[in-house]
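User: Could you walk me through reading the features of a protein structure, one at a time?

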Amino acid sequence: MLRRILKTIWWFLLLGILTIYIYLGLATFTSKTVIAAVIKLEDAPEEIVYRSQQKLNDELGNYWQVILFKQIHSNNNQISSINLRLVGFPGSQELAHPLPLKITSDTGKVLTAADIFLDEAPAPTIGQYDFKDILPQLPNEGLLIGIPLGRQHFINLSIPQYIVQEWQEVALKS
């Protein structure tokens, strides 16, 4: 009799543990955690860098590291540059240089950002674009970034609204 009770308790315990694992497993697949932070770095004694960094995937499913950074000379608070750097993970498309980045808002507004790497990038899947004049013009909505692969060929990367808001926060830092 005692053995039968212990066996029943064992099965209920096992069923409980299994249920918890299934519940936790499903919860991790259905929830999306967003960690948004603007990071302040001191690159050199007189230079401050504010940075927003995200990992996003393009329309083909390849991952890109998307980094917007603003460099400021701390002695006079003068902005030296605001750039968007795209770093493709292995398997990503090679970028065409020195073609501009195409930025399209949800409402259809199109902007272009000049390529910083006029001759050669550090790697074929890295691009860096001048956002100093672009950032103040960006609407507070999602964006579609067309990464240039050739004169008429682009691969699209969706930038959600919360990332655009984070970029605007970087723009306000001094």
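Analyst: Happy to; we will go from the overall layout to single contacts.
This is a predicted model, in which local features need pLDDT of at least 70 and side-chain atom pairs count only at pLDDT 80 or more, while totals for chains, interfaces and linings use all residues. Residues are numbered from 1 along each chain as its sequence is written, and side-chain values use heavy atoms, with hydrogens and water left out.

User: How many helices and strands are there in the chain?

Analyst: Helices (H or I, at least four residues) and strands (E, at least two) are DSSP runs, numbered from the N terminus. Here the chain has two helices and nine strands. Following the sequence, the order is α-β-β-β-β-β-β-β-β-β-α.

User: What share of the residues counts as buried?

Analyst: Buried means under 20% relative accessible area, exposed over 50%, and partly exposed in between, with a 1.4 Å probe and protein chains only. By that rule, 35% of the 174 residues are buried.

User: Which residues form a nonpolar patch on the surface?

Analyst: A patch takes residues with over 30% relative accessible area and no salt bridge; like charges are joined within 9 Å, and nonpolar side chains (Val, Leu, Ile, Met, Phe, Trp, Tyr) within 5 Å. A salt bridge is a side-chain nitrogen of Lys or Arg within 4 Å of a carboxyl oxygen of Asp or Glu. Accessible areas come from the Shrake-Rupley method with a 1.4 Å probe, and for residues only the protein chains shown count as cover. In this model the patch consists of Met1, Leu2, Ile5, Leu6 and Ile9, which together have about 580 Å² of accessible area. Isoleucine 5 belongs to helix α1 (residues 2–30) and counts as partly exposed because its relative accessibility is 41%.

User: How is an aromatic pair described?

Analyst: A pair of aromatic rings is described by the distance of the centres and the angle of the planes. Rings of Phe, Tyr and Trp (its six-membered ring) pair if their centres lie within 6.5 Å; planes under 30 degrees apart count as stacked, over 60 as edge-to-face and the rest as tilted. Searching the whole structure gives one aromatic pair. Phenylalanine 131 and tryptophan 167 make this edge-to-face pair, at 5.9 Å centre to centre and 90 degrees between the planes. Phenylalanine 131 is in the loop between β7 (126–130) and β8 (143–148) and tryptophan 167 is in helix α2 (residues 161–172), so the pair ties together parts that are 36 residues apart in sequence. Phenylalanine 131 is buried at 0% relative accessibility, and tryptophan 167 is buried at 1%.

User: Where does the charged end of lysine 55 sit?

Analyst: A charge sits over a ring if NZ of Lys or CZ of Arg is within 6 Å of the ring centre and within 35 degrees of the ring normal. Lysine 55 has its charged end over the ring of phenylalanine 89, 5.6 Å from the centre. Lysine 102 lies over the face of phenylalanine 154, 5.6 Å from the ring centre.

User: Which side chain does glutamine 128 join in a polar contact?

Analyst: A polar contact is a pair of N or O atoms within 3.5 Å; within protein, one must be able to donate a hydrogen and the other to accept it, and residues adjacent in sequence count only if both atoms are side-chain atoms. The side chain of glutamine 128 meets that of arginine 85 in a polar contact of 2.5 Å. Glutamine 128 is part of strand β7 and is buried, with 7% relative accessible area.
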